[in-house]
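Student: I have just opened this model. Can we go through the terms one by one and test each against the structure?

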Amino acid sequence: MSVDELSASAQNYLKAIWGLSEWSDEPVTLKLIAQRTGVALSAASDAVRKLTEQGLLSHARYGSVELTEVGRSYALVMVRRHRLIETFLVGTLGYRWDEVHEEAEQLEHAVSDLMVERIDDVLGRPRRDPHGDPIPAADGTVTVPDARRLTDVGAEGRFVVERISDTDPAMLQFFESQGIGVGATLVVAAGAPFSDALEVRSGEVGSPTLLGRSATDALYVSAGPT
C-alpha cells in the first residue's frame, strides 16, 4: 500500500502525529491529536483506533500514540509534500509566507510523487521551507536544525532565528513587520520584571519589540554571533 491509497483524513492524522513530536519530547496524546487536527476527542480516538488496526500507529490504552515504521514513512511523505509545496508557492508563485499553509493543506493530497520530485528539482532541492522547518529528503531522512524555543534559551544574548511556527498567520505577519524572519539575528534582553516578556531587536538597529510568551514560544533559535 502507498500513502495515496490512504484517505486524506488518514494522511492528515499521520502528518499531525509526526508534527506533534518533531519539536517536542512530550508524549503524543489523543487530546493533543484532537487539538492539532481540530476535531472532537471522540473522532480522534476513532481515527487512531483505525490507523492502529492498519498497522500505522501503536497506542497503549490511556497511553501515548506513536507512529510505526510504516506510519512514519507515510507521514514523512506528506510532510515532504506539504513543505515543498509551501516553498514553491513562496519562491515561485509569489505567495506570502503567511498565506501558504492552508493552500498546501489542500494541494498535498492531490499532487503526484512525480510532481513533488519535479518541484524539488526546480527549487534546487531546498532543505528548509519558508518557516525554517526541515524538508524530508526523498529517502525519508530529516536534518533538524539545532534550535530551541526563544522562551527556553534565556533572556540575554544574540540568537539566529532557525524556525518560526506557522500555526498563526497573524503572528507571521507581525513578525515580518518587525523584521523577524528565518535567518534573522535577534538581540534579546529581559523585559520588565514579572511581565513574562522579552525585549527583542532584529539586527543591530531599529527599535526593540516586546514579545510575550506566545510569540517567544513560536520562535526557535540557535546561538548567534558574539
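Student: What covers the buried residues of helix 5?

Tutor: The cover includes helix 1 and helix 4. This is a predicted model, where local features need pLDDT of at least 70, side-chain atom pairs count only at pLDDT 80 or more, and totals for chains, interfaces and linings use all residues. Residues are numbered from 1 along each chain as its sequence is written, and side-chain values use heavy atoms, with hydrogens and water left out.

Student: What makes a stretch a helix?

Tutor: A helix is a DSSP run of H or I, at least four residues long; a strand is a run of E, at least two; both are numbered from the N terminus. Helix 5 spans residues 100–107.

Student: Why are some of its residues called buried and others exposed?

Tutor: Buried means under 20% relative accessible area, exposed over 50%, partly exposed in between, with a 1.4 Å probe and protein chains only. Val100, Ala104 and Glu105 in helix 5 are buried. Glu102 and Gln106 are exposed, on the face turned away from the buried side.

Student: How do you know that the buried residues of helix 5 line one face?

Tutor: Look down the axis of helix 5. The buried residues fall within an arc of 140 degrees, so they line one face. The arc is that of the directions from the helix axis to the C-beta atoms.

Student: What about helix 6, at residues 113–122?

Tutor: Val116, Ile119 and Asp120 are buried there. Their arc is 100 degrees, so they too line one face of helix 6. Leu114, Arg118 and Val122 are exposed on the other side. The buried residues of helix 6 pack against helix 4. After helix 6 comes Gly124, with a positive phi near 80 degrees.

Student: What makes a set of residues a nonpolar core?

Tutor: Its members are buried Ala, Val, Leu, Ile, Met, Phe, Trp, Tyr and Cys residues, joined through side-chain atoms within 4.5 Å. The largest such core here has 24 residues. Leu6, Leu14, Ile33, Leu51, Leu57 and Val65 touch the most other members. Helices 1 (8–22), 2 (30–37), 3 (41–53) and 4 (69–91) each supply at least two residues. Helix 1 gives the most, with six.

Student: Which residues is Leu51 in contact with?

Tutor: Contact means heavy atoms within 4.5 Å. Leaving aside neighbours within four places in sequence, Leu51 is in contact with Ala10, Tyr13, Leu14, Leu56 and Leu57.

Student: Where is the second core?

Tutor: That core is separate and has 19 residues, including Phe175, Ile180, Val188 and Leu219.
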